[in-house]
Amino acid sequence: MRGRAQGQVKQRARSEAPVSDSGPSVVIGAGPTAAAAAKALLGAGQRVLVVDTGLSLEPEREAARQRMAATTPENWQPADVSLTRFTAAGASARGYKRLFGSDVAFRDDGVLELSVDPGVGARPSYALGGLSNVWGSGLLQYTDRDLDGWPIVASELADGYRAVLDYVPYAGEEDEFAERYPLVRVPDGPLIRTEAGQAVLSRLRRHRPALAAAGYHFGASRLAVRVGHPAPANGCVYCGHCLDGCPYGHIYSAAQTIEELRREGLIEYRSGLHVDRVSEQDEGVLVEATALAGGPPVTIRSPRAFLAAGVISTTIILQRSGLLPERAEIADSQALYLPFAWIGRTGETGREPGHTLAQTSIVLDDPAVCANPIHITLYTYNDGLTERAREAHPRLSGLLGPALDTVTRRLAVGICFFHSDDSDHIATSLVDGGESVRLEPVLNPAARATFRRFQHALLRSLGPIGLLPLAPLAEIAPPGGGYHYGASIPMSTRPGFGQCDTLGRPSATRRIHVVDASCFPSVPGGAITFSGMANSHRIATAVAREDPR
Amino acid sequence: MIGVTGANGYVGGRILAHLRASGIEAVALVRRPSAADGPARRYALAEPLEPSLLDGIQTVVHAAYDASARGPDIRARNVTGSLPLLEGLHERGGRMLMVSSLSAFAGARSQYGRAKLELERAVLGRDGTVLRPGLVFGVGAGGLFGAMVSALSRRALLPMIGGGSQRLFVTHDGHLSELVADLVRGRAEGGGPLFAAHEAPTTLRSIAEQIAGAGGRRLVVIPLPPALVALGLRSAEIAGIRLPFRSDSLRSLSHPIGLDEVSSLARSPIAFPALAPELWLS
């Protein structure tokens, strides 16, 4: 497969590009920013062709998911549950988030030879829906503080956030967090937290004045999860399966939007295509792609192209198109996985009603600790945590036996995201003239000291209220390991080579728009997908307004 | 010799002082010259030009703007009222360096922005140079920034239109003055309009947060609905009540220059810094 694909790249360089399509705007990719661009273009009355690699779940897992979705959790077949849990056998992407036990979100498409240094945690996603298949579903927007140095301000994303929440569910509640992060619209309703999740939030609230003085902001998680009655038909049934994928589809994935638009005939969708490069020709854009099924290279002409293939893929397409240098850099918002010992109320062993996504969001904004705000998404005890602990530490688990569950019930895990200025980065380099690509870490010498200061700050502030950070067990994800990265072709009011304008156009182009997080000037800590979608909406809407067709 | 109009105002005053400190001979062109101004001549917008006003002057830095004008007077005083100076200078082979504003752009909704734009075109048509600064700040600043510093020195509570979320650009007065000095010395290329601000925009709220933070306070914003404020300001203006903030300023703030136009503006060799406490705290 790989050899064939390489051969095709060479062949394409010699071929006369046949025209296979024209008319609609091309959206490259089918992840969240692609869905947002497609929705915005359709809203402006434009025609849209979505071009995607489009890998999907293995048939046996999809069948199991469908059987589970057709009934209530107590009627699920043990074999289906076992097949779709993260511990399921047969998934090869150990260490990467899985969807219904599958590695589909990170599976190689066999076209591009990608060599990833062990010190890099990022992988491209070729799945329909991209990384939104496995996202944490957080819906906090960026503030002006986050956008320091960007050529746009937060209010310019406001319409985008609102538009996205027309088709993305919004679970949350009005609480103290609204002071810093005003609700974008009235939430669909609150999700039931785990007992420990509720207890942690109550404890934080009791100590709010002291925490606020130390630079902490917190509130209930706002999540792209459907809440409604009756469950499971209309909303979360609290089955505890969140981290493996929601069998009922109540956690939003961009695949849902793309599928819906395709089903309703609103977009044309062409999957099985790995886009290699884009170029401007005459009054349009030429998209060159490799068909996964083999055959000659595919070329598509379009008046405009919106690049939303996901940061790694988009960056590589731009490099292979000569719109980025052969060695480019992707900025990462690095993740620190920090376990906490929770000294407080917690749920009973076994299933308890409560979702198992992040329960609480905490933001530490204290310039003495870090120049930029740090976001913590806090996961409390759930069944999956015990399973994961067993998987990660088999010896310790064997030693503890049944007591393991007692220990994990007292654990919470914070996934802490740092601003890209305070994180390691990723270099992407074309090798052999673009035949293959190498990803390598670019270390930030200041990052470790920031991570340490942050953990000390948590110990001082959260330790005394019973949420004790277990610093020795903390694990720094390699760059890209938290899946919050971008900024390979940053937006600028004066774009030079390697940058794009505020409509995502790489310098010297007029009809190619980068709409995923590749065009972010930096990657703030915190949820990236929601802002990526809002920015994609902003660009697509502005372009459609300027160029009505 | 360089003439500077508006030299009794914040921006004109800073430019004049910097020119003189840089060894450039500069004369204040002001309504009421006084000994404290140093070399000064009498000049007022919309008044006939004194024949001797421009004697020995090759360049006029035009920073005067009559903010007290209302309605049709805005154009009459600031655009038509500036033309005698522009024409007189042009006839003598001199040039005008106009301190305009990023509120001036095609499609601007404010009368202020439209007046500045019209005068910009006249200046550029006579080989002049146009600078477009954003919100000007610096030590002991006047204008909106000075008003914010003053308000936030008393309390960290600030009513802000729309929560202060509108996009704006900031310009450090020292760097603006330096750019003017470079231009009058011929060290920087004129023409324009030249974007004269920090490249990354900010918001009034962020500015207020920084000012409050520099004073060790946490800002509390009282968001004011823009439509309600516009109505209140218009009503006050119709009733003849003079307020420090005009409905026209609200239009400028609420409908800022497009980013495409910002991108298309020419750049000067001066890189303008972002707002930072050391640049406004004495």
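**Exercise 1.** This is a predicted model. Decide whether L211(A) is buried, partly exposed or exposed.

*Solution.* Start with the count: 19 other C-beta atoms lie within 10 Å of L211(A). Next, recall the cut-offs: a residue is buried at 20 or more, exposed at 12 or fewer, and partly exposed in between. L211(A) is therefore partly exposed.

**Exercise 2.** Place L211(A) in the chain and list what it touches beyond four places in sequence.

*Solution.* First, find the element: L211(A) sits in helix α7 of chain A, residues 208-213. Then look for contacts, leaving out residues up to four places away in sequence: L211(A) touches L204(A), Y216(A) and S461(A). For a sense of distance, take P59(A): 152 residues separate it from L211(A) in sequence, and 49 Å separate their C-alpha atoms.

**Exercise 3.** Trace the five-stranded open sheet of chain A and find its edge strands.

*Solution.* Read the order: β3-β16-β15-β10-β19, with mixed pairing. The edges are β3 (113-116) and β19 (485-486), since each pairs on one side only. Now take one pair: β10 (residues 327-332) runs antiparallel to β19(A), over two bridges. In β19(A), Y485(A) is the bridge partner of D332(A).

**Exercise 4.** How many residues does each chain bring to the contact between A and B?

*Solution.* Chain A gives 13 residues and chain B gives 14 residues. Sort the chain A side by class: five nonpolar, four polar and four charged residues.

Technical notes. Residues are numbered from 1 along each chain as its sequence is written. Chains are lettered from A and ligands numbered from 1 in the order in which they are written. This is a predicted model: local features need pLDDT of at least 70, side-chain atom pairs count only at pLDDT 80 or more; totals for chains, interfaces and linings use all residues. Two residues are in contact if their C-beta atoms, placed from the backbone, lie within 7 Å. Ala, Val, Leu, Ile, Met, Phe, Trp, Tyr, Cys and Pro count as nonpolar, Asp, Glu, Lys and Arg as charged, and the others, Gly among them, as polar. Two strands pair if DSSP finds at least two bridges between them.
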